[in-house]
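Dear colleague,

Please find below the structure that I am handing over to you. My notes on what was found in it follow directly after.

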Amino acid sequence: MTPEIIDLSMLELSAKLARREVSSVEATRDCLGRIERVDAKVRAFLRVDAKGALAAAEASDARRKANAPLSPLDGVPIALKDIFLTEGVETTAGSRILAGFIPPYDATVVALLKGAGLPIVGKANQDEFAMGSSTELSAFFPTHNPWDLTRAPGGSSGGSAAAVASREVFGALGTDTGGSIRQPAALTNTVGIKPTYGRVSRYGVIAFASSLDQVGPITRTVADAAALLQAIAVHDPRDSTSSTESVPDYLSGLEGGVAGMKLGVPREYFVPGMDPEVEQAVRSAAAELEKLGAKIIDVSLPHTRFALATYYLIAPAEASSNLARYDGVRYGFRALAAGGLREMYFQTRAAGFGPEVKRRIMLGTYALSAGYYDAYYLKAQKVRTLIRRDFLTAFEQVDAILSPTSPVTAFKLGEKLEDPLAMYLMDIFTLPCNLAGIPGMSVPCGFSKAGLPIGLQILGRHFDEARVLRIGRAFERDHDFAGRAPKL
Amino acid sequence: MKLSLDEVRHVAALARLSLTAEEEERYRHQLSAILEAMEQLKAVSTENVEPTSHAIAVEGLLREDIVVPSMDPQKALANAPAKVGTSFAVPKIIE
């Protein structure tokens with residue numbers, strides 16, 4: 001069987017486009033054809049924009065022909081989580097309250113990717129407003145894990161991860177507030193990186209928890225993740241939290257290896273109840289990195305066990321404030337209520353939001369309400385300081401930290417829907433990173449006996465994405481996870 | 001931590017959410033269980049610990065005070081459920 005275009009990595013495709021061995025139109029048609037064949041099973045996409053993608057691909061081919069590509073990735077088709085505003089293309093964040101919403105402008109990252117010439121094939125499914133860890137909480141339909149269609153792909157960026165894993169597209173953007181890029185990446189044999197808070201602009205990204213949300217790539221290889229991050233890591237004056245810290249060349253040091261690096265393994269990230277196959281795969285990944293010259297050091301992050309409670313006070317509090325804007329006045333759904341404006345607010349929000357979103361709005365409103373603010377929200381912000389400090393202390397001793405991304409492999413669809421706390425536990429290893437604002441990446445590190453993917457999480461110092469990517473690449477080089485595709 | 005129905009209704013009112021009787025009961029149980037799990041934070045000593053609102057300190061990001069063009073009003077209004085001229089229209093507030 002000859003390899004299809006769609007099996008190429010983003011950078012391999014980019015090289016072929018540069019040599020004009022394939023065209024962007026062919027690559028985009030391949031994506032669309034694959035979506036046509038498999039997406040009825042996987043359901044990664046809320047919306048496919050064939051016309052827009054092909055028009056962008058034609059324009060890219062014309063540029064390549066004129067030897068004037070906009071960027072190395074010019075012509076490489078990608079998908080976007082439906083949380084990114086796309087001018088003229090419906091954007092819902094997986095919620096009924098935004099059904100039919102046509103953004104009047106592009107998110108900064110969308111404008112950057114369009115400006116770099118990447119055709120956008122479609123908008124990927126997600127948990128409503130990114131609240132969830134399975135993509136089952138999309139208001140429209142659940143996405144299925146391409147490795148086992150009876151299982152969830154993780155979430156909330158599950159549509160993006162499933163699309164990349166299914167080879168429906170070459171790469172995608174997701175967002176990560178508590179693990180929403182890394183956890184689905186781990187569960188689908190893809191690479192996902194959540195950059196340092198502030199590294200990538202949040203302008204035009206539908207807000208969930210503003211002090212935690214961050215945009216990042218989901219790809220099949222570490223080098224692709226580096227290239228896609230490079231394209232979006234740009235200071236944006238429109239986002240007051242966007243960093244002015246200089247951006248290094250993520251690809252140039254990628255093959256540098258791990259010799260001499262000190263890598264910490266935190267004992268708190270190996271807990272009773274986690275899947276022994278996950279623990280085994282992660283420990284053997286650490287052993288491999290040791291063979292490659294890294295020094296593995298036992299470290300402690302003592303406040304790890306408080307991260308879940310801290311996160312589930314801070315994130316819902318910020319969400320309850322952010323989601324106050326969905327009131328039926330300026331855009332989105334409006335309930336026709338008798339009884340005036342106030343009643344319209346109540347009915348619009350009751351009919352527009354799904355159960356998990358309402359639950360988190362309630363939780364956040366409670367944590368912020370008079371009499372409880374100090375005991376819950378302020379307390380959580382103080383514990384957040386301690387969690388962040390744990391990492392800074394560990395990074396005095398080590399260059400990066402290794403852990404499992406998820407305590408388990410992909411779980412069955414429906415398995416955790418009735419118990420919100422069980423679903424929240426899916427993020428125990430990914431949440432602390434967001435609270436501390438540090439970069440974190442998940443790279444494939446094995447498969448369970450049942451054939452389900454396992455992810456290794458690599459956490460780095462603030463703005464040390466280059467090192468995180470380099471460690472991931474050093475591990476990836478001796479494997480062929482990107483060459484392994486699900487049978488669909 | 002056991003929430004009362006009145007507390008659930010109070011919070012729902014603050015959040016401008018109208019809940020069915022069944023939802024009130026479900027959220028009362030679920031939020032009670034979640035808040036109970038949060039109680040463990042009380043065990044953490046946070047004396048003399050400053051709260052963190054953002055993990056990365058950002059300062060001096062104020063832009064120059066220069067007027068730049070804003071979005072065309074009709075474009076900004078394109079998604080409005082109801083509009084009058086260049087304004088968003090809402091149900092009557094006062095008789």
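In this predicted model, strand E7 (residues 262-266) of chain A and strand E8 (residues 295-299) of chain A run parallel and are joined by 5 bridges. One of the paired positions is Leu263(A), whose bridge partner in E8(A) is Ile296(A). Between E7(A) and E8(A) the chain passes through helix H8 (residues 276-291) of chain A, and this β-α-β crossover is right-handed.

Both strands belong to an open sheet of 11 strands in chain A, with the order E1-E3-E2-E4-E6-E5-E10-E11-E9-E7-E8 and mixed pairing. Strand E1 (45-48) and strand E8 of chain A stand at the edges; each has a single partner strand, so one side of each lacks a neighbour in the sheet. From one strand to the next, the twist averages 25°.

Which residues of helix H1 (residues 5-14) of chain B are buried? They are Val8(B), Val11(B) and Ala12(B). These residues cover an arc of only 100° around the axis, which puts them on the same side of H1(B). Just after H1(B), Arg16(B) takes a positive phi of about 50°.

Finally, please look at Tyr366(A), which lies in helix H11 of chain A. Is this residue buried or exposed? Tyr366(A) is buried, because 29 other C-beta atoms lie within 10 Å, and a residue counts as buried from 20 or more. Leaving aside residues up to four places away in sequence, Tyr366(A) touches Tyr372(A), Val11(B) and Leu31(B). Val11(B) is also one of the buried residues of H1(B). Tyr366(A) and Pro316(A) are 50 residues apart in sequence, while their C-alpha atoms are 9.5 Å apart in space.

With kind regards

Note on methods:
Residues are numbered from 1 along each chain as its sequence is written. Chains are lettered from A and ligands numbered from 1 in the order in which they are written. This is a predicted model: local features need pLDDT of at least 70, side-chain atom pairs count only at pLDDT 80 or more; totals for chains, interfaces and linings use all residues. A residue is buried if 20 or more other C-beta atoms lie within 10 Å of its own, exposed if 12 or fewer, and partly exposed in between; C-beta atoms are placed from the backbone. Helices (H or I, at least four residues) and strands (E, at least two) are DSSP runs, numbered from the N terminus. The arc is that of the directions from the helix axis to the C-beta atoms. Two strands pair if DSSP finds at least two bridges between them. A crossover is right-handed if, with the strands pointing away from the viewer, the path from the first strand over the helix to the second runs clockwise. Axes are lines fitted to C-alpha atoms, for helices over the stretch in contact, and angles run from 0 to 180 degrees between N-to-C directions. Two residues are in contact if their C-beta atoms, placed from the backbone, lie within 7 Å.
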